[in-house]
Amino acid sequence: MNWKLKDVLMMGIISVLFGVIYLGCTYAGGILSGVLTPMGLSALGYEPFYGIYFMAGAFGVYVMRKPGAGIISEMLAAIIECLLGNYFGPIIILSGLVQGIGIELLIALFRYKKFSYPTMIAASVICSVLTLLYNLVVSGYNQIAVPVLLLMLAVRIISAIIFSGVLTKLVCDRLAKAGVLRGYAVGKEFAMSEE
Amino acid sequence: MNNLRVERWNPSVKMFTVLLSVILLSFQYKIMVTLGVFLFCLIMMIFFSDARFKSIIKILIPATFAALGMFVMGLYYSKNNSITSMDVSDISSVPYALRAAMSTNLISAAQLGSRILAYAGLGIFFSLTTDEEFFISSLMHQCHLSPKFAYGILAAVHLVPNLGKEYKNAVFAFRTRGIRVGVFSLKPVFAMLVNSIYWSENIAMAMQSKGFSDNESRTYYIEPKVGVYDILLSIAILSLIVFAINSAPI
């Protein structure tokens, strides 16, 4: 795969930035989760921020538009988060792989040519479902009652639509318009539309 | 004594041991096994590593809260006897419904909570006993991660302390222009995104101008190797988990 050093650094630094934003949200999620613990819904507290997890992958594949961009970006983000001291350590590399596949699956089916809002939103929904399936097995969520799982999935999907579906595209398009992403596939599309 | 430190364990082998342990634990529900794995990780960290006791406790606090949260969640909403499936229209029956659910769900609750503890134990064990440069070097030598990814990751990680400064700069820049910036404002974040992309281009250029090349052969400062003991330790731990899964009563 043809990745340039600057692509790797760009994704690495963006992942760090998302990682720090995510860390801030983890504190918020932790407080929310703590509040929800007496009601037995602690895991729900983290669900509103799930979309931010998917942003690194969505950003990578949206900007670079080539096979593997989503998966590699999400795994880079996971390795970096592991180094920054996430208490699940290398386990999040495994979740990163699942998230990367989730976000890239639909875009790959469209041969990396369609990047409209509906595509990005649908990719985010697929990613939410796939990651919940992963949670069912690995986190033991299959022990939880179905209505609660559906509630968690619903919150996760809404979060994913907002953050990785809409916000990622919005921010990338603005960055491309500002001319910052000239060296990447998304920047070329904007350069063409302005001519 | 220094030979017995888990810091010396090859990081790639250690990582795969942790990941394989997680996969083994995913397909079983025995509380003794999950708690055993958690205790084992603690013992390894306290007696066979240089990890400071204080940092172990500090990182364990959020993990314990997460485990406690999952425990209470299991207590209320296990699929066997969830309070969602009960008739709670009659308000006087609610405490009874809660108690009934709790008594039958205790085991699944313990299964859920202890599983999070086991994962956190494994994760913390890895994080606190692995040097980041040694880990990335090992990924290069054992997992064939290309040097541009390896050094890209390290460069990004080392930029973290600058992000806070950059955020403050962005906020000040907006203020001097008379633009209000609130705590949740996305404006400085957008400015940081722009700067991050410029940074990445500049760092890439700086690395290349210093002669960094991905295709040519290079020398390495640290060259981790996999020895017999690395593999033996991994096999021993994984067999212990398999043995525990097969023989533990609950």
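Predicted model: local features only at pLDDT ≥ 70, side-chain atom pairs only at ≥ 80, totals over all residues.

Colleague: What makes Lys66(A) and Asp7(A) a salt bridge?

Modeller: A salt bridge is a side-chain nitrogen of Lys or Arg within 4 Å of a carboxyl oxygen of Asp or Glu. In Lys66(A) and Asp7(A) the closest N and O atoms are 3.7 Å apart, so the pair meets the definition. Lys66(A) sits in the loop between helix 2 (50–64) and helix 3 (69–83) of chain A, while Asp7(A) is in helix 1 (residues 5–36). The two are 59 residues apart, and the pair links distant parts of the chain. Helices here are DSSP runs (H or I, at least four residues), numbered from the N terminus.

Colleague: How many salt bridges are there over all chains?

Modeller: The rule gives five. One of them joins Asp173(A) and Lys169(A), at 3.3 Å from N to O.

Colleague: What separates Asp173(A) and Lys169(A) along helix 6 of chain A?

Modeller: They are four residues apart in helix 6 (residues 146–177), so about one helical turn lies between them. Both Asp173(A) and Lys169(A) are buried.

Colleague: Which residue does Asp50(B) meet in a salt bridge?

Modeller: Asp50(B) meets Arg5(B), with N and O 3.1 Å apart. Asp50(B) is in the loop between helix 2 (31–48) and helix 3 (53–77) of chain B, and Arg5(B) is in the segment before helix 1 (11–26), 45 residues apart.

Colleague: Why is Arg5(B) called buried?

Modeller: Buried means under 20% relative accessible area, exposed over 50%, partly exposed in between (1.4 Å probe, protein chains only). Arg5(B) has 16%, so Arg5(B) is buried.

Colleague: How do you know that chain B and chain A are in contact?

Modeller: Contact means heavy atoms within 4.5 Å. The contact takes 63 residues from chain B and 57 residues from chain A.

Colleague: What area do chain B and chain A bury between them?

Modeller: About 5300 Å², with 79% of it on carbon and sulfur atoms. Buried area is the accessible area (1.4 Å probe) that two parts lose on being put together, summed over both. In chain B, Met73(B), Phe190(B) and Ile197(B) lose the most area to chain A, together 12% of what that side buries.

Colleague: Which helix of chain B gives the most to the side that touches chain A?

Modeller: Helix 8 of chain B does, with 15 residues.

Colleague: How is chain B divided into domains?

Modeller: Domain 1 covers 2–140 + 223–247, and domain 2 covers 147–209. Domain bounds come from an automatic or database domain assignment. The C-alpha centres of the two domains lie 35 Å apart. Four residues of domain 1 are in contact with seven residues of domain 2. The two domains of chain B bury about 470 Å² between them, 78% of it on carbon and sulfur atoms. Glu132(B), Ile136(B) and Met140(B) supply 82% of the area on the domain 1 side.

Colleague: Why are Arg111(A) and Tyr112(A) picked out?

Modeller: Most residues other than glycine have a negative phi. Phi of Arg111(A) is near 55 degrees, a positive value. Tyr112(A) has a positive phi of about 55 degrees and is not a glycine. Arg111(A) lies in the loop between helix 4 (91–109) and helix 5 (117–138) of chain A, and Tyr112(A) lies in the loop between helix 4 and helix 5.

Colleague: Are Arg111(A) and Tyr112(A) buried or exposed?

Modeller: Arg111(A) has a relative accessible area of 65%, so Arg111(A) is exposed. Tyr112(A) has 16% relative accessibility, so Tyr112(A) counts as buried.

Definitions and conventions. Residues numbered from 1 in each chain as written. Chains lettered and ligands numbered in written order. Heavy atoms only, no water.
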